[in-house]
Structures are given as structure tokens and as C-alpha cells.
Amino acid sequence: MTVPILNASGCLDALTAAEVAQTLDVFVTKTVTPLPREGNPPPRIAETELGMLNSIGLQNPGIEAFLADTLPRLARLGVPLWVSVGGFSVQDYAQLCTLLSGREEVTTIELNLSCPNVDEAPETAAEIVAAAREATPKTLYAKLSPATWDIAETARAVADAGADGLSLVNTIRGLALAPTTLEPTLERGAGGYSGPALRPIALACVYACATAVDLPIVGMGGVSSGRHAVALVAAGASAVALGTVLFAEPFAARRVRVEMTEAAVALGYPSAAALRGKAHKSATFANLSAL
Ligand SMILES: Cc1cc2nc3c(=O)[nH]c(=O)nc-3n(C[C@H](O)[C@H](O)[C@H](O)COP(=O)(O)O)c2cc1C
């Protein structure tokens, strides 16, 4: 049994980097919304000491162009496809799921319930998942924000509403100021913070949700080595996703895959998968390969 490696949504353009996408076990698209979005004005990416800030704002061609043009091209990559969807109302998510239902190229729909770069507040996560569940028989993953008082409670609510898995976590809101002007480096002001600083936050979220619900979890947040990936697996993840690292090292999945096994063997386990849940003293994890 292996621990699948995915890309984190929005961190890889598979159409311009097909060979990179083919190093992954699953390709996850950038979040698609009902209508096309230009995203936020630049600058919308900034580096910080311990990670990256972005305020892309869900730039995407909209579902119509995605279905007509992007999806058939992605399908030719030969990698299982997850489509990330986002919207501003329960109806938006339901509509997107209905439209994707008929497309056999799509194995899973990831509901982005957590983008920090759009102004409109989504309705509650559970309502969205329930509407999506009614709209599609496809596998549904709920992608949650780490910026919540009790993520385990949200996890239980989306599990009850019919989610098949969790993607943990999205970015957390952060701000950087230019040293000379002391004005925000991103045109929009604050943005989504990703990369190394997110690691302990992601670990805490995966750890909390793994015992709260009996669902497979894709862990992400600052993973750039096999040791980081193995830690998420020990916390309860059954797969890991690479995000910010891909901007500096597009082929990181190959290295992380090898390092994960090396890290597990060094700890006396036959594989990274065998480590799942080890961070928990008394939990059992049955769903390892349930992606
Ligand atoms: C430039 C950029 C764009 C992103 N776009 C999306 C997106 O469209 N949908 C989404 O669910 N997450 C998006 N994310 C969040 C990532 O999927 C991931 O949850 C987050 O970056 C944490 O992982 P990392 O620290 O490995 O990057 C984006 C992140 C970055 C850095």
C-alpha cells in the first residue's frame, strides 16, 4: 500500500506542465467557479521568510469553458482528475456538481469551502456539502480552512452531510508589508499564507479530524520532504498534497515519494502507509487507500 501524492489545488498548471502532473497519483485542478473570474489585481504573490502569500482570488475560466476546453485536455494526461469547485452560495456548488456529474473524466469533486481571497462569505460548510451530495453521486472531498475555532466540529458536520473525504488544509490569512513603504506587498492587502509555517497548523488539523471522523484525509500544508509527509500520515492522513514546494521544485513529488519510504524504513516500518495514525495512542485507521 502506498500513500498517494497529489498536488494542492492552484499550485500546478497541468496544461503547461504535463510531465510534472504525470509524476502525481492524482491531479487536482485550480478551483473552478460558475462564472469566469479574472482574480485580484497584481501583485498577488509575495514571498515571506517562512512561506508565501497569495491573493490570486480564484482566477479561472468558469465552468462552461472548463468543461468544453480544459477538462478534455486534462483527461489526456492520463492521471486521475479531481476537480476543485468554489462558489458564493449553496446553489453555486450544487450547480457545479450537477454539471460535473456527467463527466466520466472526473473521479472526485473537491469542494473548496475555504478560500481566503474572495470577499463573499460562503454559507455553512455543511449546507454546501449537503447540496453537493444531492447534486452528484461522485466522490466528494471537503477542503477546510485551518482558521476555525474547532475544525473537528466542522469535519463532523461535513461528514454527516455526506462528504466522502477531507482535504486539510487551505491557506491561512496573512499580511506582509514592504520594508520601505510599510504598505502591504499584495495589492489586495492580506492574502493566503502557505508553505513551511503552515506545517504545524496542518498537522494539528489532521490530528484533530482523524479521530473526529472516519473519512480519508488528504493532508497538506508546507510539505516539502518525505519526513513532513510521513508526519501528516502519522497524524491520520491517507494521502498528501504538495503545494508551495512545486513553485520552487516542480518535480518534488518524485523525491518526496522516495523520501517517504526511506523515512518509514528508518523508523522500522515497511512503508509510509504502515505509519498511518501512529501519532494517536489508541485509534485505528481503516481507510488507508480509500481515496
Ligand atoms: C498560488 C496559490 C493558489 C492557490 N489556489 C487554490 C485554489 O484555487 N483552490 C484551493 O482550494 N486552494 C488553493 N490554494 C491552497 C493550496 O491548495 C494549499 O491548500 C495550501 O497552499 C497549503 O499547502 P502548501 O503549504 O503546501 O502550499 C492555493 C495556494 C497557492 C499558494
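Predicted model: local features only at pLDDT ≥ 70, side-chain atom pairs only at ≥ 80, totals over all residues.
The model contains an open sheet of 8 strands with parallel pairing. The strand order is β1-β12-β11-β8-β7-β6-β5-β2. At the edges lie β1, spanning residues 5-7, and β2, spanning residues 27-28, each of which pairs on one side only. The partner of β2 is strand β5 (residues 81-85), and the two run in the parallel sense over 2 bridges. Within this pairing, Val28 has Trp82 of β5 as its bridge partner.

Helix α4, formed by residues 125-135, lies across two strands, β6 (106-112) and β7 (139-144). Relative to β7, the helix runs at about 165°.

Ser101 belongs to helix α3, which covers residues 90-101. When residues up to four places away in sequence are not counted, Ser101 touches Ala135, Thr136, Pro137 and Lys138. For Pro137, the separation from Ser101 is 36 residues in sequence, whereas the C-alpha to C-alpha distance is 7.1 Å.

The ligand is surrounded by 27 residues, of which Ala8, Gly10, Ser194, Gly243 and Thr244 are the closest. Two or more residues of this shell are contributed by each of β4 (51-54) and β10 (191-194). By residue class, the shell around the ligand comprises 15 polar, 10 nonpolar and 2 charged residues.

Key. Residues numbered from 1 in each chain as written. Pairing = 2+ DSSP bridges. Helix = DSSP H or I, 4+ residues; strand = E, 2+ residues; numbered from the N terminus. Contact = placed C-beta atoms within 7 Å. Axes fitted to C-alpha atoms, helices over the stretch in contact; angles between N-to-C directions. Near = placed C-beta within 6 Å. Nonpolar A, V, L, I, M, F, W, Y, C, P; charged D, E, K, R; others polar.
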